[in-house]
Amino acid sequence: MPTSDMLRVAMPNKGALAEASAQIMRESGYRVRRESKELVVVDAEQQVELFYLRPRDIAVYVGRGHLDVGITGRDLLLDSGAPATEVMQLGFGASTFRYAARTGQISSVDELDGKRIATSFAGLVGKDLADKGIDASVVHLDGAVETAVTLGVADVIADVVETGTTLRNAGLEVFGDPILHSEAVLIRPQDRVAEPDAAVEVLIRRLQGVQTASRYVMMDYDIRVELVEQACALTPGLESPTVSPLHREGYVAVRSMVPRSSTNAVMDRLYEIGARAILVTEIAACRL
Ligand SMILES: Nc1ncnc2c1ncn2[C@@H]1O[C@H](COP(=O)(O)OP(=O)(O)OP(=O)(O)O)[C@@H](O)[C@H]1O
Ligand SMILES: O=P(O)(O)OC[C@H]1O[C@H](OP(=O)(O)OP(=O)(O)O)[C@H](O)[C@@H]1O
Ligand SMILES: [Mg+2]
């Protein structure tokens, strides 16, 4: 359906996902908007158009096939009911979607029957209630739903919870299991996910490259040649460590990718077995 040959991408124009979405696209080498009033950015060189839309509307545009891919929240995708499919998790914007009530008032979803539930995710909540066989009424509000309980508009809310600060400030607490674990995701039209699309594949590989580059560091060290197997067991890398001869007889240099979170623990172990000149560098970008 898209009329242009360019890859048409939906970007969140504001809200919790906007900044991180712009950052991951920028680091993936795409031209993003410089100014928050820009609605469309055309990158003729790379044949990509970015459309800045309300996060809530993104699944609608993509589901109808007017845009090829979009970045939105899993909760917004499911709430919309649009025929779009999640094709990649983007690793930011994590949150849970939960029921909450006045502290100490409700301890289980079994108590929801007959209650008024305020939410801006009526689709998601309606489906959850139906799945659980609960007969409750949904009060659909645009946002700041925590206040609905304070003002007596509802008995319960169902909303995005990240740190829990907003709930605490409203004197509310969660109950029951999370309805959903959400995060930012890349979505495509449901009826086109099976169709190979070279431009989408390039986008996904670039996004994966940025994710990997931020999850790993590059580690270099020198070690006596007879200890190289032991050292490589500590730094197996993703495929295989690079082992190069050193000018100094009996030593080799090893280079390997190491998960960022274990950097210091790995350096400690390497040092203990005799590795020296252990250097850690950032990976700016990668394609694996
Ligand atoms: N702390 C958070 N608050 C709100 N949404 C969050 C948070 N963390 C992640 N998200 C995700 O961001 C998306 C919400 O997008 P939305 O545009 O409503 O952002 P917002 O920050 O609520 O902005 P708005 O000012 O328009 O309400 C959802 O997918 C939600 O799960
Ligand atoms: O658990 P927390 O870290 O406090 O974050 C969750 C809160 O943030 C969002 O509100 P937002 O600022 O988007 O306002 P809104 O409700 O009007 O969308 C969300 O709706 C919760 O209220
Ligand atoms: Mg919001």
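This is a predicted model: local features need pLDDT of at least 70, side-chain atom pairs count only at pLDDT 80 or more; totals for chains, interfaces and linings use all residues.
Let's start with how the chain is divided. The domain assignment gives domain 1, made of 7–92 plus 183–195, then domain 2 at 95–182, and domain 3 at 217–282. If you take the C-alpha centres of domain 1 and domain 3, they sit 40 Å apart.

An unreviewed UniProt entry carries the annotation "domain: ATP phosphoribosyltransferase catalytic" over residues 54–209. Over that stretch, the chain is 31% helix and 32% strand, and the end C-alpha atoms are 27 Å apart.

Now, the ligands. Where does ligand 1 lie? Well, domain 1 and domain 2 both give residues to the shell around ligand 1, so it lies between them. There are 14 residues around it, and the ones that come nearest are G15, A16, P55, G73 and E162. By class, that shell splits into five nonpolar, six polar and three charged residues.

On to ligand 2. Around it you'll find G143, A144 and E146, then the run D159, V160, V161, E162, T163, G164, T165 and T166. Two elements give two or more residues to this shell: β9, at 156–161, and α6, at 165–169. Which element has the largest share? That's β9, with three residues. As for the classes, we have three nonpolar, five polar and three charged residues around ligand 2.

Four strands make an open sheet, in the order β13-β14-β12-β15, with antiparallel pairing. At the edges are β13, residues 242–245, and β15, residues 276–282, each pairing on one side only. From one strand to the next, the twist averages 20°.

Let me zoom in on one pair. β13 and β14, the latter covering residues 251–259, run antiparallel and are joined over four bridges.

α9, residues 263–272, lies across β12 (216–224), β14 and β15. How does α9 run relative to β15? At about 165°.

So, to take away: ligand 1 lies between domains 1 and 2, since both give residues to its shell, and β9 gives the largest share of the shell around ligand 2. That's me done, thanks.

Methods
Residues are numbered from 1 along each chain as its sequence is written. Chains are lettered from A and ligands numbered from 1 in the order in which they are written. A residue is near a molecule or strand if its C-beta atom, placed from the backbone, lies within 6 Å of it. Ala, Val, Leu, Ile, Met, Phe, Trp, Tyr, Cys and Pro count as nonpolar, Asp, Glu, Lys and Arg as charged, and the others, Gly among them, as polar. Two strands pair if DSSP finds at least two bridges between them. Axes are lines fitted to C-alpha atoms, for helices over the stretch in contact, and angles run from 0 to 180 degrees between N-to-C directions. Two residues are in contact if their C-beta atoms, placed from the backbone, lie within 7 Å. UniProt positions are given in the numbering used here, feature names are shortened, and annotations may be inferred rather than shown by experiment. Domain bounds come from an automatic or database domain assignment.
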